[in-house]
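Okay, hi everyone, let's get going.

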Amino acid sequence: QVGASDDAAKLRFPGRLRATKRAELSFNVAGFVTEFAWAEGSSVKAGQVIARLDDAVFKARVNSAQAEFDRAKTDLERYQRLWETEFAVARSEVDDRRSRLEVARTNLAAAQQDLGDTLIKAPFAGVITRRRLEAFSSVQAKQPIAELQDLSALEVVINVPQRLLRSDGARNEALAYFDGY
């Protein structure tokens, strides 16, 4: 129930109470969920692991990207040395090796990011309010797996008809009452 602060005219509107801070948790990469032990209603601390994907493929990609980066770095150093000491290679070859190193560096960073994305940590302390899948199932990238809410700060959401907001006697204050069930 929402009414004027002087109780002169009372109006009733449906509304809902929700957490001010809330997050829909999802992985940024697709994979197979190996860990997700939190039940709805479980309290979690900020930074606590919520869920984990099987990371074997992602670790292999990081190792492959690291090997490619190391090879590109060695090639650049070798071509740079040949260019500076003996002029045995063209300058364009050195530039080509430099660009290959940058591509390898970018691929390594992307592989490391994907590996990091196999883990979901709680962005803040709160309560798991909704669980959308079970452990040992496959998920797609950006597929929501759970909802986390910080119940220490709540907000009231009430839909007030626009005609009341435009009226000449617009109210600056309102009171909200909650009926208990």
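Let's start with a quick one: is K142 buried or exposed? Keep in mind that this is a predicted model. K142 has a relative accessibility of 55%, and exposed means over 50%, so K142 counts as exposed. You'll find K142 in the loop between β9 (138–139) and β10. Now look at its backbone: phi of K142 is near 70°, which is a positive value, and K142 isn't a glycine. Most residues other than glycine have a negative phi.

F87 sits in the loop that links α1 (56–85) and α2 (91–116). And how accessible is F87? With a relative accessible area of 58%, F87 is exposed.

Okay, now let's go inside. The largest nonpolar core has 20 residues, and the ones touching the most other members are F27, F36, I50 and I145. Two elements give two or more residues to this core, namely β6 (49–53) and β10 (144–158). There's also a second, separate core of 12 residues, with F69, A72, V89 and L101 among them.

Last stop, I50. Which residues does I50 contact, if we skip its neighbours within four places in sequence? Going along the chain, we have L25, E35, F36, A37, W38 and V44, and then I120, K121, A122 and I128. Notice F36 in there: F36 and I50 are both among the residues that touch the most other members of the largest core.

Okay, that's my tour. Thanks, everyone!

Conventions. Residues are numbered from 1 along each chain as its sequence is written. This is a predicted model: local features need pLDDT of at least 70, side-chain atom pairs count only at pLDDT 80 or more; totals for chains, interfaces and linings use all residues. Side-chain values use heavy atoms; hydrogens and water are left out. A nonpolar core is a set of buried Ala, Val, Leu, Ile, Met, Phe, Trp, Tyr and Cys residues joined through side-chain atoms within 4.5 Å. Buried means under 20% relative accessible area, exposed over 50%, partly exposed in between (1.4 Å probe, protein chains only). Helices (H or I, at least four residues) and strands (E, at least two) are DSSP runs, numbered from the N terminus. Contact means heavy atoms within 4.5 Å.
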